[in-house]
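Colleague: I would like to learn how to read a ligand site. Can you take me through one, step by step?

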Amino acid sequence: MKIYFMPDPIPYFDLPAQIRALRPELDVALARTLDNCSFCLGQDVVQFEKDFAAFCGAGHCVCFNSGTSALHVAMLLMGVGPGDEVITTPYTFVATSWAISYAGAKPVYVDIDDATFNLNPDLLERAITPRTKAVLPVHLYGQPFDLEPVLEICGKHRLPLVEDAAQAHGAKYRGRTIGTFGAVSCFSFYPGKNLGACGEGGALVTNDAALAARARSLREHGSTVRYYHDEVGYNYRMEGFQGAVLGVKLKHLDSWTRRRQTIAQTYHQLLTDTPLQLPREAGFAESVYHLYVVRHPRRDELKKHLESNGVGCALHYPLPLHLQKCYKGLGYRPGDFPLAEKAARECLSLPVYPELTDAQVYRVAEVVAGFFKS
Ligand SMILES: *Cc1c(COP(=O)(O)O)cnc(C)c1O
């Protein structure tokens, strides 16, 4: 019997490795929260709001119990309600559209750009109707969408821009960190995001003090003075523990981002001669590589090949939102957004996270390239 050498499996994402490395710092931060008992919002959340606003170059940051909650409140801040339409992308995590639905409005999709997977600004204007109330694109996989043409069209039609930045903490557009191009930007601190809590979390950033104040009120039962409620609000507060954790992790974010970018460069060099379409950074964009997504028509076979060779991978996203069962009522059909549908069939996400070693990166690339040799 022949014994083949099988290297250790490479996980698609290695949260335990990240937490292990941070454990001493996290222990101190979490113990502080146990001591001060600020479990709902509290001083660590307030401090993190200051630090994250500064990180984004924004005047204000309001923390939430999830990115989805932050997006929902962003829609309310823009006055989105029943009967309104919000233009967005069908190729994203479903929570982008939830925000619109929670506000009682209708998501109106436009197709993506084939090279970047982001909303195609050339298709934006023709989707605008008298009911359009806001525009909500996504900085997908960590790469900013083309903000300039989108802002120009928004300005021309007096529509506010809300950025779903859940995957793009610290990404840059023409050299400037995203977060303050539109009226508000929303971030997620889900554990798998570039900056993740030990649990759920999200934030809304803005330069507009009045919007920030209303966001704080909506986050906390529609009140600024306890037990006096100015409007119907929500319990969307961030937990004190998460503020403490995020304060620790934010200090590492820039170096983690550089590591993600280095890994992406290495993949690019190692995979450039394969038939894969590799991630393309637009000239205006500095991506933070939340995901490293390659594409190929034989995606499903490639996925099986990676899995049987111990390389973790994932699909982002297998079914565009206009074809989801929950949105059947919107009346879209297969073929309505051909580029989003094609991306959904061809995309495969390779491991990309700061804890990935060079040896693991080479191994992933070797297994991927091996698929096309066999
Ligand atoms: C993760 C994510 C969200 C939702 O954030 P949660 O914190 O999980 O609620 C929204 N939009 C996009 C694009 C995301 O990736």
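Colleague: Where does a polar side-chain atom of T68 lie relative to the ligand?

Modeller: Start with N and O atoms, and look for pairs within 3.5 Å. This is a predicted model. In it, a polar side-chain atom of T68 lies 2.5 Å from a ligand oxygen. Q167 also has a polar side-chain atom by a ligand oxygen, at 2.8 Å. For K193, a side-chain N or O atom is 3.0 Å from an oxygen of the ligand.

Colleague: How much of the ligand's accessible area does the protein cover?

Modeller: Compare the ligand on its own with the ligand in place. On its own, it has 380 Å² of accessible area, and the protein covers 94% of that. The space it takes is the largest pocket.

Colleague: How many salt bridges does a search of the whole structure find?

Modeller: Look for a Lys or Arg side-chain nitrogen within 4 Å of an Asp or Glu carboxyl oxygen. The search finds 16. One pairs D27 with R23, with the closest N and O atoms 2.8 Å apart. Both residues lie in helix 1 (residues 15-36), 4 residues apart, about one turn of the helix.

Note on methods
Residues numbered from 1 in each chain as written. Predicted model: local features only at pLDDT ≥ 70, side-chain atom pairs only at ≥ 80, totals over all residues. Heavy atoms only, no water. Polar contact = N/O pair within 3.5 Å; in protein donor to acceptor, adjacent residues only side chain to side chain. Areas by Shrake-Rupley, 256 points an atom, 1.4 Å probe, with all protein chains shown as cover. 1 Å grid on protein atoms, 1.4 Å probe; cavity = no way out; pocket = protein on both sides within 12 Å on 5 of 7 lines; lining within 4 Å. Sits in = over half its atoms within 2 Å of the grid points. Helix = DSSP H or I, 4+ residues; strand = E, 2+ residues; numbered from the N terminus.
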